[in-house]
Amino acid sequence: MGAITDLFAGVPVSDLDAGIDWYTRLFGRPPDMRVGAEVLWEIDEHAWLFIETNAAQAGAGRITLSVAGLDALLERLIAERIEHEPIETYSNGVRHVNVPDPDGNKIAFAEPPEAANASPRSGETGASS
């Protein structure tokens, strides 16, 4: 296998317009492009998340994104009317939370301990669900 240069992760949704609305609120901005039936957000350099209509598989998606500043992110999502499940802290110190989309796809965020320590909000308690 050659060197991997980019990641495109897809999430099946049952209603494309509803998915565009939810993921726009999740990422805090509209999609970066539309290619055929796929609607894409560039989530980091060389990393893209796309949604596409696939009612038969909607709800089966599972993606985890590593973040710094988990509490601030969750506060922004709550302001956007996006709910999350309770935050879990794993034995290795990683804080993890699932944020299900309207179809039940699990979009998760994980904050490694070193990212939490670097965050200006690291001394605060977790966001409420």
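**From one residue to the whole fold**

Author: Let us begin with His96, which lies in strand β7. Please bear in mind that this is a predicted model.

Reader: Is His96 buried or exposed?
Author: His96 counts as buried, because its relative accessibility is 6% and the cut-off for buried is under 20%.

Reader: What does the side chain of His96 make a polar contact with?
Author: Its partner is the side chain of Tyr90, at 3.2 Å.

Reader: And which residues is His96 in contact with, leaving aside its neighbours within four places in sequence?
Author: They are Thr64, Pro86, Ile87, Glu88, Tyr90, Ala108, Phe109 and Ala110. Of these, Glu88 also stands opposite His96 in the strand pairing.

Reader: Which strand does β7 pair with there, and in what sense?
Author: β6 pairs with β7, residues 95-100, in the antiparallel sense, over two bridges. As background, strands of a sheet pair through backbone hydrogen bonds, either parallel or antiparallel.

Reader: In what order do the strands of that sheet come?
Author: The order is β5-β8-β7-β6, in an open sheet of four strands with mixed pairing. Its edge strands are β5 (62-66) and β6 (88-89), each of which pairs on one side only.

Reader: How many bridges join β5 to β8?
Author: There are five bridges between β5 and β8, and these two strands run parallel. Within this pair, Leu65 stands opposite Phe109 in β8.

Reader: Where do the side chains of β5 point?
Author: They alternate along the strand.

Reader: How do β2 and β3 pair?
Author: They pair in the antiparallel sense over three bridges, and Arg34 stands opposite Val39 in β3.

Reader: How many residues does α1 have, and how far does it reach?
Author: α1 has 12 residues and reaches 16 Å from its first C-alpha to its last, close to the 16 Å expected at 1.5 Å a residue.

Reader: What is found at its ends?
Author: Asp15 caps the N-terminal end, with a side-chain oxygen 3.0 Å from the backbone nitrogen of Asp17. Just after the helix, Gly28 takes a positive phi of about 75 degrees.

Reader: Is Asp17 buried or exposed?
Author: Asp17 counts as exposed, because its relative accessibility is 61% and exposed means over 50%. By contrast, the buried residues of α1 are Leu16, Gly19, Ile20, Trp22, Tyr23, Arg25, Leu26 and Phe27. In general, an α-helix has 3.6 residues a turn, so residues three or four places apart point the same way.

Reader: How many residues has the largest nonpolar core?
Author: It has 25 residues, and those with the most contacts inside it are Tyr23, Leu26, Ile51, Leu77, Ile107 and Phe109. α1 gives the most to this core, with six residues.

Reader: What does Tyr23 touch?
Author: Not counting residues up to four places away in sequence, Tyr23 touches Val11, Val13, Trp41, Leu49, Ile51, Asp101, Asn105 and Ile107.

Reader: Finally, how many helices and strands are there in the protein?
Author: The secondary structure comes to three helices and eight strands. From the N terminus on, they run β-α-β-β-β-β-α-β-β-β-α. Buried residues make up 39% of the 129 residues in the protein.

Methods. Residues numbered from 1 in each chain as written. Predicted model: local features only at pLDDT ≥ 70, side-chain atom pairs only at ≥ 80, totals over all residues. Heavy atoms only, no water. Pairing = 2+ DSSP bridges. Buried < 20%, exposed > 50% of the residue type's maximum accessible area, 1.4 Å probe, protein only. Expected span 1.5 Å × (residues − 1). Polar contact = N/O pair within 3.5 Å; in protein donor to acceptor, adjacent residues only side chain to side chain. Core = buried A, V, L, I, M, F, W, Y, C linked by side-chain atoms within 4.5 Å. Contact = heavy atoms within 4.5 Å.
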